[in-house]
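Visitor: Please take me closely through one part of this model, with the criteria behind each term spelled out.

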2 protein chains.
Amino acid sequence: VVGQTNVKRTIWWDGQLVSVIDQRYLPHRLVVQRWRSVDDAIEGIRGMHVRGAPLIGVAAAHGVALAMASNATDRDLDDALGKLMSTRPTAVNLRNVLERVDRELRRRPPELRAASARVLAESLADEDAEDCRAIGEIGARLIRDVADRVARPVQILTHCNAGWLACVEWGTATAPMYVAQERGLPLHVWVSETRPRNQGAALTAWELAERGVAHTVVVDSAAGHLLRSGLVDLVIVGADRVAANGDVANKIGTYLKALAARDSDVPFYVAAPTSSFDVRAATGEDIPIEERSSTEVTKVYGLTENGHTTGVTVTPEGSAVRNWSFDVTPARLVSGFITERGVIPAAPFAIAQTVPV
Amino acid sequence: VVGQTNVKRTIWWDGQLVSVIDQRYLPHRLVVQRWRSVDDAIEGIRGMHVRGAPLIGVAAAHGVALAMASNATDRDLDDALGKLMSTRPTAVNLRNVLERVDRELRRRPPELRAASARVLAESLADEDAEDCRAIGEIGARLIRDVADRVARPVQILTHCNAGWLACVEWGTATAPMYVAQERGLPLHVWVSETRPRNQGAALTAWELAERGVAHTVVVDSAAGHLLRSGLVDLVIVGADRVAANGDVANKIGTYLKALAARDSDVPFYVAAPTSSFDVRAATGEDIPIEERSSTEVTKVYGLTENGHTTGVTVTPEGSAVRNWSFDVTPARLVSGFITERGVIPAAPFAIAQTVPV
């Protein structure tokens, strides 16, 4: 399905099937993919047809529901949970969601699991949308604070896509921008392109354009120049996993932006629902960092002049390539977390108080 | 001319013509371009057929020689100098070379200027090669110091291409690597791809592969993860212009690497001949930062599966793009300058002592 422009969410039910926006085709085409089975969901998450910490949690719950609709024994449940859990290692939402799904379904008889799983998947989607809206309301106050003291649009730098495409609706880092825009606060967003998969240039820029938010795309390396030149008031990024001490695993390059923000005394906020916190990870060192295929680096996909999507190789044939997807930003560089429960400092005590175990 | 593999320098005379490696086709094709006139040289420098601070200085001198071979009045000299000076703003080598060419040619009668200009261009090429070789000898000692205390290959991170392709021979940042390799010191180089033009992935990786230096390409954002993970012993980059206080203008993203190196206590060296220092720029704020076409960001060039070179668009049609080519790394983050006259600290007094006014 191509070209649905009335899409409001990234994932929804179409009868017995799950529809998702297949994000591999953006910004050039809006493609909706239908998942018929848990295997489709597994492939969709691992292959990054859907991505973003909150969304892959919700998508995994939908995958379990597809599995249960087919066969719902304990073994089928174990199998679905195990395979979905192994799709992506870094975002903790996947584990948090699958553990909750496990608790809810395990105690039900197999014949009730399909219906329960679907209700739960839908609830998780709704909860994520509500959490993100709350993050938007709370984060918009930070933007208003800046707007109150400058006589120009508030300048925000973000990285990767922590937008509604990474969630169900609203997004995490983008939610404050969308709420601020709703309220008429003038703002402008610097979008870091986010190599190797260009989620900034391809997804965040597309989202912001769709909603009429003023924005400019820059290469990832430009963050330092922007910050040192006084062109950024606030940095807001998302998180794939927050450790108990406030260390943040997020898209590779986030740490460099945090360093540059600190060097220029610009606040660096991480917008994340409490479902992205992992109190079992004491520090960032306990967070597994996914390494993906070198092809993501060597081959860049985009639109040719005659409108086809194709990949072009940018490296010499014989050169080795490594491709870590995430880095860890130490808590000391984080000004605060914008969660659905308020802005909290990057400190163990505040996190323990706010995040349910 | 395509496929000359016995090329030893980036620029040389072929009879009355100037030959250069046209770097836009690397790493996939080695193309040699012939310049017949100063206009060819101007287009070649502005269009980045040749690039790199030392090389654009030397190339400009060759451009003046081509101009003088055609017409050598004062007005022709002014015209050539003025047009070449305006090709690229950030690298100071261009100005330093053109001022020297002006001094040498102005005092000669027009009929002797063609021969003088050519001799001078050749001398400048030779001097650059000698300076770079000296940088290599001096910088290799820093690599040996690390090799003496670790029982594994020395891990070096570099950014952009400060290689022989950016100079005449040897390179600046790469010269210590090549000399270390000659001496049998085990080393491995992390090559930052360097968006938007990918000079790391396309040029540095190609150079290192050609000379058998072990290396791995990573995205620009990976530097923080590499440094925090203990995977880097030394950072060595080049410079487009060094101010009198030790601030360094270099390829956009250099500053982020310097911040990350400091945060992990890894030495950050800038390899640059004294011809890249500008004692007239008091600090980095006096260095003009070039902004180039947004197309460099939106369109990525590479090799298609059927072996053609093509560009693909990676951003949405309606998104604005900014493209600053350089950033400024403050002197406080620089461990030292590797110059042809020795390693000097990033301090005004040391720079004033070492660099001729």
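Guide: What follows looks at one pair of packed helices and then, briefly, at the contact between the chains. The model is predicted, so local features need pLDDT of at least 70 and side-chain atom pairs count only at pLDDT 80 or more, while totals for chains, interfaces and linings use all residues. Residues are numbered from 1 along each chain as its sequence is written, chains are lettered from A and ligands numbered from 1 in the order in which they are written, and side-chain values use heavy atoms, with hydrogens and water left out.

In chain A, helix H5 (residues 110-149) packs against helix H6 (residues 175-182) at an angle of about 70°, their axes lying 7 Å apart; helices here are DSSP runs of H or I with at least four residues, numbered from the N terminus, and axes are lines fitted to C-alpha atoms over the stretch in contact, with angles from 0 to 180 degrees between N-to-C directions. H5(A) and H6(A) are therefore roughly perpendicular, a label that covers 65 to 115 degrees.

Turning to the chains, 60 residues of chain A are in contact with 60 residues of chain B. Six salt bridges are found across that interface, each a side-chain nitrogen of Lys or Arg within 4 Å of a carboxyl oxygen of Asp or Glu.

Technical notes: Helix = DSSP H or I, 4+ residues; strand = E, 2+ residues; numbered from the N terminus. Parallel < 35°, antiparallel > 145°, perpendicular 65-115°, else oblique. Contact = heavy atoms within 4.5 Å.
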